[in-house]
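Open the model in your viewer and keep the selection panel handy. We will go from one selection to the next and see what is there.

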Amino acid sequence: MEMENEKIAMEVLKNIAMDPGRVLVERQRAIDALTLFRESAIPALQHIERKTDMDVLRQRSSLYLGRIREGAVVTMTL
């Protein structure tokens, strides 16, 4: 059950990050929040990195992906 809830939460956060109707700060915070899921968030962050309409969001996702892959402790602020 907990695993399913985490998948749903990550999907919601990914959708927020990808929603061009939301303000930039909301989209950035959704990406930040994905880092709470560590390695489990990699597919969502990769999707955002590939498909987002904004360079700043692509860069943010890329930065977090690199940190997660390196095994660094990722905090919700850059």
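Start by selecting Arg58 and Asp55: both lie in helix α4, 3 residues apart, about one turn of the helix. Helices here are DSSP runs of H or I, at least four residues, numbered from the N terminus. The two side chains form a salt bridge, with their closest N and O atoms 2.5 Å apart; the term asks for a side-chain nitrogen of Lys or Arg within 4 Å of a carboxyl oxygen of Asp or Glu.

A word on the source: this is a predicted model, where local features need pLDDT of at least 70, side-chain atom pairs count only at pLDDT 80 or more, and totals for chains, interfaces and linings use all residues. Residues are numbered from 1 along each chain as its sequence is written, and side-chain values use heavy atoms, with hydrogens and water left out.

Next, select Asp53 and Arg27, whose side chains meet in a salt bridge (2.7 Å, N to O). This pair links distant parts of the chain, with Asp53 in the loop between α3 and α4 and Arg27 in helix α2, 26 residues apart. Asp53 is exposed at 52% relative accessibility, while Arg27 is buried at 1%. Buried means under 20% relative accessible area, exposed over 50% and partly exposed in between (1.4 Å probe, protein chains only).

Now colour α3 and pick out its buried residues, Ile42, Ala44, Leu45 and Ile48. Seen down the axis, they fall within an arc of 165°, so they line one face of the helix; the arc is taken from the directions from the helix axis to the C-beta atoms. Turn to the face away from this buried side to find the exposed Pro43, Arg50 and Lys51.

Terms used. Helix = DSSP H or I, 4+ residues; strand = E, 2+ residues; numbered from the N terminus.
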